[in-house]
Structure formats: C-alpha cells, structure tokens
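This report describes a predicted model. It covers the pairing of strands, the packing of helices on a sheet, the domains and the ligand site.

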Amino acid sequence: MTEPHATRALRLGTRRSKLAMAQSGLVAEAVSQVTGRPVELVEITTYGDVSRAHLAQIGGTGVFVTALRDALVRGEVDFAVHSLKDLPTAQPEELVLAAVPEREDPRDVIVARDALKFTDLPRGARIGTGSPRRMAQLNAYARSHGLDIETVPIRGNVDTRIGYVRDGELDAVVLAAAGLNRIGRIDEVTDFLSVDTVLPAPGQGALAIECAADNAELIAALAELDDPVTRAAVTAERSLLAALEAGCSAPVGALADLVADGQIVKEMRLRGVVGTTDGTRVVQLSTTGPVPDTHDGAGALGRALADEMLAQGAAGLMGERAH
Ligand SMILES: NCc1[nH]cc(CCC(=O)O)c1CC(=O)O
C-alpha cells in the first residue's frame with residue numbers, strides 16, 4: 001500500500017556543500033511548516049562542486065544548478081533550493097520559481113588578516129576572489145582612491161577561501177555576507193563593504209525555491225514562503241543581467257531596493273554596474289520607478305537600466321559573455 005499523499009515526505013534536492021546544506025535546512029523547516037509534511041534532503045553533486053577550473057573559465061552559467069534542475073525535471077526530487085545568484089536567468093519551461101523568501105544582507109564582505117578593513121589594507125595587499133564582478137569593483141575603487149591592491153583569482157568553498165587568509169597566503173578574501181550568516185561564520189568578517197563600493201551580484205542574499213511547473217499543489221503551498229518585495233527586487237536585478245546578455249560569472253553587479261520617505265515607500269531604485277576586471281573602465285548607473293507589483297513591471301525596470309548601460313558602452317566591458 002502506498003503512503004497517504006498528505007504525509008509522504010517531500011524530497012528536497014540539495015548540493016552537499018556546507019552552505020547549500022545550511023540553506024536547504026532552513027527552507028526544509030519552513031516548507032514542512034506550510035505543507036504539514038516532512039521534508040527529506042536528497043544530496044546531489046553538481047558540476048560546480050567537482051570542477052577545479054576557475055568559474056570564469058568553465059563558463060559560469062548554471063554550474064551549480066544544472067544537476068539539481070535535471071533531478072527536478074526527472075521527478076527524482078520535489079523541489080530544490082538555490083542561491084538565487086547562482087541561478088541562470090533563463091527559466092526552463094518545465095520548472096517554476098515557486099518562492100523567493102525574504103532576502104538577507106546582500107552585501108559583500110572582507111575577511112582579512114589582523115582585523116583589517118578594506119581601505120586599511122597595506123600597499124600591495126593580495127585580495128582573493130574568483131568573481132570578475134568583485135575584481136572589477138575593488139580594482140576600480142582602489143584606482144580612484146589611491147589604494148594599491150592585487151586581486152588574486154581563487155575559488156573553493158568558504159573554508160578553503162578563508163583558509164588562504166589564515167595560512168598567510170592572502171591578506172584578504174571577499175565573500176557574501178549572506179553565506180557566512182547562514183553557516184554561522186559572520187563573526188569572522190572584518191569589513192562589510194558598502195554597496196556604494198561594491199554592488200552585489202544580482203540576487204545575492206536571496207534564495208530560490210524551484211519545483212516542477214505542473215505541481216500545482218506544491219506551488220500553491222510554497223507561495224506562502226514568497227516575499228513579494230524580494231521577488232520584485234531580484235526580478236529587476238536579473239532582468240538587467242539578462243538584458244546585458246551576461247552570464248552569472250560576468251562582471252555585473254546589481255541591487256534593487258525600496259526608496260522610502262519616512263514610513264511611506266515611494267519607489268524602487270535599481271543600481272547596476274559593469275566593468276573590466278582591472279577596474280580601468282566602469283559603467284555604473286541607477287534608475288528608479290514605481291514599486292513594481294508584477295513580474296513584467298520589475299522586468300521592465302531592469303531592461304530600461306540595461307538599455308542605458310549598453311548605450312554607455314557596457315557591452316564592451318564584459319569579457320565573459322553568455323554563449
Ligand atoms: N557562488 C557561490 C555562492 N553562491 C551564493 C553564495 C552566498 C550566499 C548568497 O549570496 O545568497 C556564494 C558564496 C559567496 O559568494 O561568498
């Protein structure tokens with residue numbers, strides 16, 4: 001006899017990294033609450049987990065996500081949790097972004113030796129990051145503020161990256177605040193980078209819960225975990241990314257937030273940046289519009305900013321174009 005549907009465990013497909021397991025654990029609990037069903041974690045290895053190549057070299061788009069999406073399409077798992085910033089902008093038609101929960105801190109942070117802040121790093125300091133977006137903005141800031149830094153391409157999980165600082169190989173590494181928060185290591189941050197210095201990746205700090213497009217019952221339940229403001233913000237950020245035709249490893253930063261006058265929310269602001277990794281050329285613009293209440297409205301904000309950025313030569317600054 002099959003188990004009654006209402007109590008069968010929902011299968012959550014997850015990567016095995018510490019960060020992915022932490023994120024999936026948080027979401028599993030929330031999903032269990034809204035569905036009344038137990039959630040079991042199904043571990044899946046993605047290309048991004050096994051390849052040693054630098055992200056920019058292996059092409060970026062979707063390396064952490066494809067295997068999870070394949071398992072969803074094959075019906076091996078019921079839903080998957082992704083870091084939204086790792087999710088390609090193209091949405092497969094068999095799948096749907098059922099929920100985007102409230103975003104946490106979108107900022108990038110520095111973990112440096114001797115509790116150093118970014119602007120206090122000594123001349124010639126070596127800063128590890130595998131992200132062209134972070135390289136471009138850190139180098140641009142350094143150039144315009146008389147700092148002398150060297151960005152060093154690295155990759156690997158959080159332990160590996162912070163390890164480069166602990167063992168003295170690098171002076172600092174750049175990471176996302178959200179990831180460190182989720183794995184309980186936010187105390188190791190020595191500097192929270194203002195978004196005026198480094199705009200985060202589109203979707204950074206937000207999670208995406210994805211399931212099969214024909215699973216109406218689960219989609220309805222997961223909708224309870226959706227945060228409409230986060231959804232609108234990340235939709236605008238991702239439509240900017242898509243309209244620039246840039247992959248997730250391209251040097252594109254974007255952040256949408258609400259502009260309030262006292263308690264009253266006035267508008268949504270979208271900021272975007274692209275630059276060459278050496279920081280010599282940067283296009284950074286922002287736009288505002290009414291707070292979008294539809295997917296199309298948020299998309300239009302992103303596309304409008306992309307058009308302005310392209311008119312200022314943004315396309316010529318992106319080395320890693322999506323194929
Ligand atoms: N590319 C790896 C990745 N994907 C999501 C996060 C952090 C969590 C988030 O941004 O939601 C990280 C690590 C990092 O950039 O430090």
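## Strand pairing

Two strands count as paired if DSSP finds at least two bridges between them. Ala 260 stands opposite Val 265 in E12. Strand E11 and strand E12 (residues 264–275) run antiparallel and are joined by 10 bridges.

E11 and E12 belong to an open sheet of three strands, ordered E11-E12-E13, with antiparallel pairing. The edges are strand E11 (252–261) and strand E13 (282–289); each has a single partner strand, so one side of each is left without a neighbour in the sheet. From one strand to the next, the twist averages 20°.

## Helices on the sheet

Helix H4 (residues 132–144) lies across E11, E12 and E13 and runs at about 90° to E12. Helix H9 (residues 295–311) also packs on the sheet, where it touches E12 and E13. The direction of H9 makes about 145° with that of E13.

## Domains

The protein chain is assigned domain 1 (7–101 + 206–226), domain 2 (108–192) and domain 3 (233–317). The C-alpha centres of domain 1 and domain 2 are separated by 28 Å. Eight residues from domain 1 and nine residues from domain 2 make up the contact between them. On the domain 1 side, four of these residues are nonpolar, three polar and one charged.

## Ligand site

Around the ligand are Ser 83, Lys 85, Asp 86, Leu 175, Ala 176, Ala 178, Gly 179, Gln 204 and Gly 205. Strand E8 (172–176) and helix H6 (177–182) are the elements that give two or more residues to this shell.

By class, the shell has three nonpolar, four polar and two charged residues. Domain 1 and domain 2 both give residues to the shell, so the ligand lies between them.

Key:
Residues numbered from 1 in each chain as written. Predicted model: local features only at pLDDT ≥ 70, side-chain atom pairs only at ≥ 80, totals over all residues. Domains from an automatic or database assignment. Contact = placed C-beta atoms within 7 Å. Nonpolar A, V, L, I, M, F, W, Y, C, P; charged D, E, K, R; others polar. Near = placed C-beta within 6 Å. Helix = DSSP H or I, 4+ residues; strand = E, 2+ residues; numbered from the N terminus. Axes fitted to C-alpha atoms, helices over the stretch in contact; angles between N-to-C directions.
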